[in-house]
Amino acid sequence: MCGFTGFALRDPSAVPDLGLLSRMAGTISHRGPDDEVLIERGGMALGFRRLSIIDVAGGAQPIWNRAGTVAVACNGEVYNFRELRRELEALGYEYKTGSDAESVLHAYEEFGPRAAEKFVGMFAFALLDLREPAEPRVVLGRDRFGVKPMYWAENAEGLWWGSEVKTLLASGRFPREARREALLDYLVQGYVGGPESAWVGIHRLPPATVLTWSARSGVKLERYWDLPTDGLRAPASNEEVLEWVDRAVADRLVSEVPLGAFLSGGIDSNAVATSMARSMSEPPVLCTVGFNERSHDELELARQTARALGAIHHTEVLVPDPKDVVDTLPWFFDEPLADPSTLPTWLVSRMARQHVTVALSGDGGDETFAGYRRYVHDVAENRVRRLAGGAGRAAIGALGKVYPKLDWAPRFLRAKTFLTNVSEDPALAYWHSVSHMTRAEALELLAPDLRASLFEHDPFTAFEAHYRRPDVDSELYRAQYADMHTWLPDRILAKVDRASMAVSLEAREPLLDHRLVGCFANLPDAEKVSRGRGKHRLREALRGRVAENVLDGQKRGFDTPLAAWTRGALRPAIEDAIETLPADWFDRSVLRARFAAHQAGHRNHDRLLWSLLVLEHWRRRHEVARLAA
């Protein structure tokens, strides 16, 4: 786990400024506190910050090939590097380190950019290829699900790239201006996603994509992998599921530094911890945090699992300080991210880092096996939608329009969303379940001129393209597929990467092994949602391994008590944010009205107020000058 940055000038005879490169690399020292190495050759410069995990003594990066014509820097881990090494040594390649990154280097030499297809793991890599001196090339790649980040930009000088946006901003070559479309995307989704970052001129390399660049040819993007799009597979056996979970976990146990796992009361982290214990000869190290709010506390369930596994269990009851959202976290998040679980994710990472350098997590299980409650609701809505037919849907929709929005009422009385969704297209209905607010609600918040300029932009468009791509008779799989191309990389994995790397902790996600996901994500609907619960096949596979009270317990989110915070500890900070957000971005009178209604208890606007707070402190910390015209 590391970070890197670099640039390639259009003139290969130019001498890059290593002082500039050092300033860029210094902004991500948290990603690699152990070492910094800077190299330049052929008009190219590559800087690397290292967190030593594999080949601690000899695996310094960047690594040059023996001819000194190709160099690599790699963030993350390629878990099948030993198999690749045997294959490449048989082809005549000589290794000088025990690093997984050297297998990336030689695989590229042998197979070119499509070498990424051979890698199993979470990774982002940068290759400098000077084998043709007249046309040196840069090759950038990213893992299949976007576990590891990568940003790039091109200007008159050449190509620039980095593990985080702040590396590019530190170059001084790019304006600190935000895209106006990104603001609407953020308000609607709670994050900025897709191939464009929140910043003008700075792009996000999509997952499962390789970028090649030369001064002569410019940028070329090529996707090398995708989830199945041509139908659903046959039902899976419990043995098949367990075999893949065990294999994915075992692959991720390679480390020369202390390794453990996050453990909560949930199914996914229990599956990982249990499999980990089966693969290790010594007791696993497990880390759990609890919170004073009982509804957000799974500590006792985790203790039961740890005792059953004979684990070394580190626990801590945390009292989250919401002001960390204002004072600490904005530096590590170069783009606004309104996921409230960012704070507890950072806290559990900080606690785990006291005991381990690598921690396995259960991320990805909900997307792969359909564990989110919204998937269960979507299946129910689609069942009613099919039974009702066109006329019935119209009648249900009419009822939804007049049904009151009862934020304060018990859940069973809050039927407005269900009634409205059933009457709509399945893609749009599901989009509502993953959005913070509707596009119309977001536009109401904006200053009039900005609102007018964004009238044609709809964040739903990009989501819908992913939803429609699979040729399957399953709205559930379409929803999963869309989530894995939007919500998962740009919200969930961005949160985990930034929060864990803020404390120099490597987080590994076994349930996002692309072979496992490709095998089970497109199971038939009944294999995933059954009897009103998601994750059916995984639950059944784990019976006998994982405690029944974990498998059959209520799903709990790793969240924060937003309503209490926005009416309590964070109230002054939110008031301040509302008054200081730029007047050409927002209609302040509308924001004040939303704030007043929330504080009076008339409406629940905790998500909106949290989003505004995060946005304003992101803007301040990164000195966002303005929205681009």
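This is a predicted model: local features need pLDDT of at least 70, side-chain atom pairs count only at pLDDT 80 or more; totals for chains, interfaces and linings use all residues.
I started at a bridge: Val 78 has Gly 121 as its partner in E6. Residues are numbered from 1 along each chain as its sequence is written, and side-chain values use heavy atoms, with hydrogens and water left out.

**Entry 1: around E6**

I looked up which strands flank E6. Strand E5 (residues 70–78) pairs with E6 in the antiparallel sense, over nine bridges. I count two strands as paired if DSSP finds at least two bridges between them. The labels come from DSSP runs numbered from the N terminus: helices are H or I with at least four residues, strands are E with at least two. E6 is also joined to strand E7 (residues 137–142), by six bridges, and these two run antiparallel. One bridge I noted there goes from Phe 125 to Gly 141 in E7.

Then I checked burial along strand E6 (residues 121–129): nine of its nine residues are buried. My cut-offs are under 20% relative accessible area for buried, over 50% for exposed, and partly exposed in between, with a 1.4 Å probe and protein chains only. Both faces of E6 are covered: Gly 121, Phe 123, Phe 125, Leu 127 and Asp 129 point one way, Met 122, Ala 124, Ala 126 and Leu 128 point the other way, and all are buried.

**Entry 2: the six-stranded sheet**

Next I traced an open sheet with antiparallel pairing, in the order E2-E3-E1-E9-E8-E11. Which strands stand at its edges? They are E2 (35–41) and E11 (203–204); each has a single partner strand, so one side of each has no neighbour in the sheet. Further in, I looked at strand E1 (residues 2–9) and strand E3 (residues 44–50), which pair in the antiparallel sense over seven bridges. Cys 2 has Arg 50 of E3 as its bridge partner.

While on E3, I followed the chain into the loop between E3 and strand E4 (63–64), where Pro 62 sits. The peptide bond joining Gln 61 and Pro 62 is cis, with omega about 0 degrees.

**Entry 3: Leu 476**

I picked Leu 476, found in helix H18 (residues 475–485). Buried or exposed? Leu 476 has a relative accessible area of 2%, so I wrote it down as buried. For contacts I used heavy atoms within 4.5 Å. Leaving aside neighbours within four places in sequence, Leu 476 touches Ala 370, Tyr 375, Asp 378, Val 379, Asp 525, Lys 528 and Val 529.

Arg 539 lies in helix H22 (residues 536–542). Its relative accessibility is 9%, so this arginine counts as buried. Apart from neighbours within four places in sequence, Arg 539 is in contact with Ile 267, Arg 533, Gly 534, Leu 551, Asp 552 and Gly 553. From Arg 539 to Ser 171 I got 49 Å, C-alpha to C-alpha, across 368 residues of sequence.

In the loop between helix H21 (525–528) and H22 I found Lys 535. Its phi is near 60 degrees, a positive value in a residue other than glycine. At 5% relative accessibility, Lys 535 is buried.

**Entry 4: another positive phi**

Ser 504 has phi near 60 degrees too, again positive in a residue other than glycine. Where does Ser 504 lie? I placed it in the loop between helix H19 (487–501) and strand E18 (506–508). Ser 504 is at 9% relative accessibility, so it counts as buried.

**Entry 5: the chain as a whole**

I finished with totals. The chain has 27 helices and 19 strands. For 629 residues, a compact globule would have a radius of gyration near 25 Å, and the chain's 24 Å agrees. I took that radius over C-alpha atoms, with the globule rule being 2.2 Å times the number of residues to the power 0.38. The C-alpha atoms fill a box of roughly 70 × 60 × 45 Å along the principal axes.

Buried residues make up 61% of the 629. Of the contacts with a separation of 6 or more, 72% are between residues 24 or more positions apart.
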